[in-house]
Amino acid sequence: MSAVNPDYFMASRFTEQAYIEGVELLAAVQKNPARIASEIHRMLGHRHPRLVTRFADAYDTTPIPADPDQPNTIFRGVVCIRCEARLNDVADLRHGLCPEHLSL
């Protein structure tokens, strides 16, 4: 079993299309106050800096800087978060990615 920081997991696994759909859904249900998708993207920078950095080109806005209390441990476990291959190398274990996915 592996445990992955949600920000790191989403940044590693989401496609741009999935990210845009998620941001647009959040914007659609945001009522008080109402927000547009670019504002949601901007606000996500607080707790999900890796995610908004990966998809920075999706919206024409600069994300809010990340909160200073971001987790230091982004991955704990023994299998790649992309393909579930067993991890053995120290570098692989630190990132949660097998050599094939670490190089992408």
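At 6% relative accessibility, Cys 98 is classed as buried (buried is under 20% relative accessible area, exposed is over 50%, and partly exposed lies in between, with a 1.4 Å probe and protein chains only). The model is predicted: local features require pLDDT of at least 70 and side-chain atom pairs pLDDT 80 or more, while totals for chains, interfaces and linings use all residues. Residues are numbered from 1 along each chain as its sequence is written, and side-chain values rest on heavy atoms, without hydrogens and water. The whole structure contains 0 disulfides, 2 aromatic pairs and 3 salt bridges.

**Cysteines and His 101**

- Cys 80 is buried, with a relative accessibility of 2%.
- His 101 sits in helix α6, residues 99-102 (helices, H or I with at least four residues, and strands, E with at least two, are DSSP runs numbered from the N terminus).
- His 101 is in contact with Cys 80, Arg 82 and Cys 83, leaving aside residues up to four places away in sequence (contact means heavy atoms within 4.5 Å).
- The relative accessibility of His 101 is 15%, and this residue therefore counts as buried.

**Aromatic cluster**

- The structure has 2 aromatic pairs (ring centres of Phe, Tyr or Trp, the last by its six-membered ring, within 6.5 Å; planes under 30 degrees apart are stacked, over 60 edge-to-face, the rest tilted).
- One of them joins Tyr 19 and Phe 55 in a stacked arrangement, with 4.8 Å from centre to centre and 15 degrees between the planes.
- Tyr 19 belongs to helix α2 (residues 16-29) and Phe 55 to the loop between α4 (49-54) and β2 (75-76), so this pair ties together parts 36 residues apart in sequence.
- Both Tyr 19 and Phe 55 are buried.
- Tyr 19 also pairs edge-to-face with Tyr 59, at 6.4 Å centre to centre and 70 degrees between the planes.
- Because Tyr 19 is in helix α2 and Tyr 59 is in the loop between α4 and β2, the pair ties together parts 40 residues apart in sequence.
- The relative accessible area is 3% for Tyr 19 and 12% for Tyr 59. Both values fall in the buried class.
- Tyr 19, Phe 55 and Tyr 59 make up one aromatic cluster.

**Salt bridges**

- There are 3 salt bridges in the whole structure (a side-chain nitrogen of Lys or Arg within 4 Å of a carboxyl oxygen of Asp or Glu).
- One of these connects the side chains of Asp 7 and Arg 50, with an N to O distance of 3.7 Å.
- Asp 7 is in helix α1 (residues 6-13) and Arg 50 in helix α4, so the bridge ties together parts 43 residues apart in sequence.
- Asp 7 is buried at 2% relative accessible area, whereas Arg 50 is partly exposed at 32%.
- Arg 47 and Asp 67 meet through their side chains in a salt bridge of 3.2 Å, N to O.
- Arg 47 lies in the loop between α3 (37-44) and α4, and Asp 67 in the loop between α4 and β2, so the pair ties together parts 20 residues apart in sequence.
- Arg 47 is partly exposed at 38% relative accessible area, and Asp 67 is partly exposed at 24%.
- Arg 47 forms a further salt bridge with Asp 69, whose closest N and O atoms are 2.6 Å apart.
- This pair links distant parts of the chain, 22 residues apart: Asp 69 in the loop between α4 and β2, and Arg 47 in the loop between α3 and α4.
- Asp 69 is exposed, with a relative accessible area of 52%.
- Through shared partners, salt bridges join Arg 47, Asp 67 and Asp 69 into one network.

**Packing of α2 and α3**

- The axes of α2 and α3 come within 8 Å and cross at roughly 105 degrees (axes are lines fitted to C-alpha atoms, for helices over the stretch in contact; angles run from 0 to 180 degrees between N-to-C directions).
- The two helices, α2 and α3, are therefore roughly perpendicular to each other (65 to 115 degrees; under 35 is roughly parallel, over 145 roughly antiparallel, and the rest oblique).
- On the α2 side, Tyr 19, Val 23, Glu 24, Leu 26 and Ala 27 meet α3. Their counterparts in α3 are Ala 37, Ile 40, His 41 and Leu 44.

Technical notes:
A disulfide is a pair of cysteine sulfur atoms within 2.5 Å.
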